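This report describes a metal site and a sheet. Please look at the sequence and structure below before reading on.

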Amino acid sequence: MSDAVKVGFVPFSAAPRGILVAFCDEALKFGPATAKVLGQAADLVKRAAAASQFKGKSGAALDILAPEGLKAARLIVIGTGKETAALKMNDFLKFGGVASGKLTPGNGAMTIMAELPGGAMTDDQVVALASGLRLRAYKFDRYKTRKKEGEEGGALRADVSLAVADVPAAKKAFAPAAHVVDGVIMARDLVNEPPNVLYPEAFAKRAVQLRQLGVNVEVLDVKAMQKLGMGALLGVGQGSARPSRTVIMRWNGGRRGEAPVAFVGKGVCFDTGGISIKPAGSMEDMKGDMGGAACVVGLMHALAARKARVNAVGAIGLVENMPDGNAQRPGDIVTSMSGQTIEIINTDAEGRLVLADVLWYVARKIKPRFMVDLATLTGAIMVALGTEHAGMFSNNDELAERLSTAGFETGEKVWRLPLGPEYDKLIDSQFADMKNTGGRHGGSITAAQFLQRFVDHTPWAHLDIAGTAMGAPKSDINQSWGSGYGVRLLDRLVADHYESK
Ligand code: BES
Ligand code: MN
Ligand code: ZN
């Protein structure tokens, strides 16, 4: 794991070490503990603010070098905006990210006064701040052999102390959240890994490592999948020299015998498009076509590591979509595990074929309370929603509502789009029960409509994460190509609604 900062907690009264970070509002007002640490330097802040047009806007930073009257070599003041009472958890993630972004190789320590002008931050706010710090500092540089100075093993190493009102309470509150951050980092690592390293079997091996946390992991090989009749998934993988895998992960932290919640991920380790081959431009991005599966593994890590009181199943379909003498052709008809037949029109619409069999497997064999699938499914979702929201499709209003709320809380936002029988005729086939593409219009909807045919009567939501899982613009809390999108969203969904007390 490419984790670059170590976060610890100290009392407000401890002497600050390294870079000092303080929060102020638009009146340039500090909290009492911070004002005490700053002493005379508070006046310096006023002068520096005037000189640099710093007005305390939310997330804006004022960077003062060698501040007079302070031991610290640098004082960084971060604005909290006008209405500090209206700040959301997401704002504190951002503040953590902004502070983290100020760390540079060479200055390895930082002390952050976790205090608002009105007083100490709450435990939840401190947790979000600490999470933002770690998320921002993540870097994927495993394959860079020339490291920069001050970067041990390539990653920036920094010790950050959060000065808080109640150290034991902050530590206790951060422990589970730190496992969730680990899950996000794990998902990012998987997305960032090159496709020659992370092929289906190698991915499955990483999932197997979850056994160390008490997760039951079952790996289905090609023979096992043939026996189950997973012809849709196997058709996608048949052109690759790397054999396909399906991995089922079970975490039983809830009541004995209670039906689990389930998460399903598209794991196309590389998507060339197959015989309907993609153009060369940016094809390298298709190493990230397993972002859904990466999220599911990261989420299972988070749930197991924090010992979530829930029964949860993660299921991922791992394939490589390659053109080859043995590859599937446009015109082929495959039989899915459900018995429904599919005419292949475009071998590049492969994700829905993989999910068809994994969704059916989960619906029928696991019988979950609900299932949520995540997939980098369509380019069309980026046309519709850009990189800010994932597309959400659901047959269940309650589940959709809960996902929307969790998205709002975590900043991993979703936007609901329609399903409807009217779209079915777009995927009718003249030779089989359905075809795998529906033409140019409503491309994300016809893909979701296709998936719905494989969920049986299970409450279900599909998240199209093609725009959010990778290649999104750099943000305050993510500087890497892979975002780990969905881990925090779904962990929150579980924590808010499905954990037994
Ligand atoms: N993996 C792609 C979708 C994708 C594109 C994800 C760009 C991330 C970035 C998917 O398998 C695909 O190729 N979809 C096709 C479907 C079409 C052939 C109906 C698409 O979106 O063009
Ligand atoms: Mn494709
Ligand atoms: Zn794909």
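How many bridges join strand β2 to strand β4, and are the two parallel or antiparallel? In this predicted model, strand β2 (residues 19-24) and strand β4 (residues 74-79) are joined by 5 bridges and run parallel. Within β4, Ile 76 is the bridge partner of Val 21.

Both strands belong to an open sheet of 6 strands with mixed pairing, in the order β1-β10-β5-β2-β4-β3. β1 (5-11) and β3 (61-65) are the edge strands, each pairing on one side only. From one strand to the next, the twist averages 20°.

| Helix | Strands | Angle |
|---|---|---|
| α2 (residues 41-52) | lies across β3 and β4 | about 115° to β3 |
| α5 (residues 167-192) | touches β1 and β10 (158-164) | about 150° with β1 |

Asp 271 lies in strand β13 (residues 261-271) and Asp 348 in the loop between β16 (341-343) and α10 (351-366), so the pair ties together parts 77 residues apart in sequence. Asp 271 counts as buried because its relative accessibility is 2%, whereas Asp 348, at 22%, counts as partly exposed. Asp 271 also bridges the manganese ion (ligand 2) and the zinc ion (ligand 3), which lie 3.1 Å apart.

Conventions:
Residues are numbered from 1 along each chain as its sequence is written. Chains are lettered from A and ligands numbered from 1 in the order in which they are written. This is a predicted model: local features need pLDDT of at least 70, side-chain atom pairs count only at pLDDT 80 or more; totals for chains, interfaces and linings use all residues. Side-chain values use heavy atoms; hydrogens and water are left out. Donors are N, O and S atoms within 2.8 Å of the metal (3.2 Å for Na, K and Ca); water is not among the atoms, so sites may look incomplete. Helices (H or I, at least four residues) and strands (E, at least two) are DSSP runs, numbered from the N terminus. Buried means under 20% relative accessible area, exposed over 50%, partly exposed in between (1.4 Å probe, protein chains only). Two strands pair if DSSP finds at least two bridges between them. Axes are lines fitted to C-alpha atoms, for helices over the stretch in contact, and angles run from 0 to 180 degrees between N-to-C directions. Contact means heavy atoms within 4.5 Å.
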